[in-house]
Amino acid sequence: MTEGIGDPRLSAEGELALARMALDEADFGHAADHVAGALAHAPTMPEVHEVLAKLAARTGGALDLYPLADHVFIGAVVARGHLLAAAGQPGEALELLAAATGHAPNADWAGVPWVADPELASRIEPDQLARTIMQVCAGVPDPVPDEQRGPLQPYLRVAKHAAAAHPRHALLLGAASALARRMGETAIAIEWAQRGVRVAPTKLGEVWLGYAFRSAGRTKESIAALRRAVAHDPADLSVYADIAGTLADSGQLDEAIRWIDDALARDAEFDCAVHTAHRLRYRRDGRLSHLVALADFQRHHPDDSHEHTDLAECCQDRPWLGRLPAAGEAVINVLRQMLETEGPITGGRLRLSNLEPPSAMRTVGAALPDMAVIVERVPEPDLRLPRRTGGRSVWEFFETDALPALREPSEAAVERIRQVALPAWPHPQAAYDAAVSLALLEMDDLLALLVHPPAPPATELGAALAAHDPSLWVRSVQVWACLGLLHHRTDEPWESSTRRRVLVDLAWGVEDWITEAALFALVTAAWVTPELRADVAGLVRDRLADIAVVVRQRPVTIAWSVAQLALATPELDAKTELMARTIIAAERPAEETPAPPPPRRTGFLRRLFRR
């Protein structure tokens with residue numbers, strides 16, 4: 001394939017030029033490769049199909065030039081599909097296009113005349129049509145977002161032609177209903193599914209009908225269809241989970257949980273039922289123990305859990321469970337306002353009534369290097385002193401100016417942290433797994449990243465953070481550096497390990513964003529390893545209790561965030577949980593605690609957390 005050309009049509013034309021040259025020289029193998037490359041760039045371009053037809057004419061069909069094997073190029077798969085259609089094998093041809101769509105659903109692989117032919121469906125066996133449509137459904141979201149529906153429209157047209165050509169094939173009608181539902185065509189989806197169950201009432205047909213009704217918001221009829229599916233096969237517990245989910249979405253949470261409890265009574269280890277049960281119970285009472293139990297189940301049943309998103313859905317947009325809370329310092333609030341409302345900023349003064357954490361002060365200094373920040377006082381207890389002595393210090397102070405006490409990190413560490421640091425994650429266990437790429441960094445590098453955060457990466461996300469909230473990038477670097485510390489010397493017993501000692505030192509050091517990052521790493525360790533939960537809960541309890549003492553004497557800008565961290569800690573005692581909730585209620589946070597459904601953000605942050 002030609003490279004370096006950004007326009008797909010130009011790239012395809014380059015491939016076609018090379019294909020024609022190869023054809024002129026009877027070099028059919030290279031010609032086939034370049035035609036496949038052109039198809040990958042522009043699958044509906046007429047000139048590409050003309051050259052493919054010429055290749056077929058010169059070689060007796062050209063099928064031998066596009067064999068199916070492991071790791072075959074997608075353009076070759078599509079080329080073989082078109083050749084099969086031309087050779088009178090439209091069923092196999094459509095299956096290959098569907099396979100390409102499953103691999104790259106945003107490309108218009110099927111937007112060609114032979115697929116649009118209304119007579120195509122009558123030339124393919126209905127069982128094969130049903131399998132192909134189900135293959136398409138398996139590779140796309142449910143529902144498909146509006147902007148992604150264009151390349152799938154040819155398959156929906158095939159489904160319409162198929163429903164007309166084979167009006168009494170129940171499996172085909174159900175599969176067509178599933179595709180129509182995903183494409184937002186709920187009325188047609190209901191009609192086809194109803195026709196299917198009238199022809200042959202089956203469990204699968206009732207499930208498809210129940211899903212179609214659910215997508216149309218007709219909950220009562222959806223539940224009725226799913227109940228009939230259960231009657232067909234009482235042992236299929238996945239339908240119980242579907243019923244429970246549908247009931248819960250309609251506000252019938254207690255009834256939903258009764259259904260899922262019935263499924264668990266039949267099989268306590270059935271993955272769909274376990275995931276749904278924990279999600280619904282968390283939705284009912286908000287108790288963290290449900291999410292921790294679900295994380296434990298996922299860890300012990302990785303093969304059964306990889307397709308489920310219940311834990312991520314529950315943690316989404318919740319402080320520390322699924323994302324990094326925004327910084328709440330006054331100096332950071334001023335910085336955000338200035339970045340949003342001001343043009344280029346030079347000079348000026350910013351007066352603070354109290355000294356704020358060193359990471360916050362240095363973030364403002366880096367973003368506004370020409371602005372003078374004047375601190376009026378340093379209230380007691382002195383923020384510049386660690387809350388416990390004897391640990392490793394990462395900051396040193398000259399009056400109110402904080403300077404890193406460590407050397408700068410290596411270039412390798414900087415590059416690695418830029419690749420992994422993000423302000424959001426699916427859930428704590430996923431964050432731990434993602435941080436494994438930091439395991440090869442030296443501890444000195446990870447510590448250095450805490451006080452020498454690099455500039456954001458040259459990506460859309462990095463540019464957005466730099467332009468709107470540099471503090472979120474700095475905090476992300478600190479969080480992921482501490483997660484990296486969790487992977488340091490994992491062979492050492494936890495209680496006497498280097499990783500525990502360093503993280504505890506950081507948690508009790510100078511009051512700073514690093515305090516939060518270190519505590520989150522400890523909390524994450526408790527999520528991942530049940531044996532550590534009592535120890536980590538005690539560490540979080542003691543650190544929060546210290547904050548509760550200090551906050552009575554002066555502002556503690558990290559108090560709200562650390563209290564949220566406490567609520568994300570497995571096996572936290574009731575007294576500490578009450579303390580955390582009291583702090584959350586009393587403090588003025590940088591953001592409010594989200595409640596289901598997650599609150600909508602505006603602008604940049606909403607787009608960021610959606611990603």
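Asp317 is buried, with a relative accessible area of 8%; buried means under 20%, exposed over 50% and partly exposed in between, with a 1.4 Å probe and protein chains only. Its phi is near 70°, a positive value in a residue other than glycine. Asp317 sits in the loop between helix 18 (310-315) and helix 19 (330-341). Helices (H or I, at least four residues) and strands (E, at least two) are DSSP runs, numbered from the N terminus. The model is predicted: local features need pLDDT of at least 70, side-chain atom pairs count only at pLDDT 80 or more, and totals for chains, interfaces and linings use all residues. Residues are numbered from 1 along each chain as its sequence is written, and side-chain values use heavy atoms, with hydrogens and water left out.

His71 also has a positive phi, about 60°, although it is not a glycine. This residue lies in the loop between helix 3 (46-59) and helix 4 (74-86). At 81% relative accessibility, His71 counts as exposed.

Two cis peptide bonds can be described. One joins Asp142 and Pro143, with omega about 0°. Pro143 is in the loop between helix 7 (126-138) and helix 8 (153-165). The other runs from Glu380 to Pro381, with omega near -10°. Pro381 lies in the loop between strand 2 (372-375) and strand 3 (395-398).

The whole structure holds 35 salt bridges, each a side-chain nitrogen of Lys or Arg within 4 Å of a carboxyl oxygen of Asp or Glu. One of them pairs Asp445 with Arg407, the closest N and O atoms being 3.1 Å apart. This pair links distant parts of the chain, 38 residues apart: Asp445 is in helix 23 (residues 443-451), and Arg407 is in the loop between strand 4 (401-404) and helix 21 (411-420). Asp445 is buried, at 6% relative accessible area. Arg407 is partly exposed, at 45%.

Asp296 forms a salt bridge with Arg299, with the closest N and O atoms 2.6 Å apart. The two residues are three apart in helix 16 (residues 288-300), so about one helical turn separates them. Asp296 is buried, at 14%, whereas Arg299 is partly exposed, at 25%. Arg9, Glu13 and Glu47 are linked in a network of salt bridges.

Helix 13 (residues 237-249) and helix 15 (residues 271-285) pack at an angle of about 20°, with axes 9 Å apart. Axes are lines fitted to C-alpha atoms, for helices over the stretch in contact, and angles run from 0 to 180 degrees between N-to-C directions.
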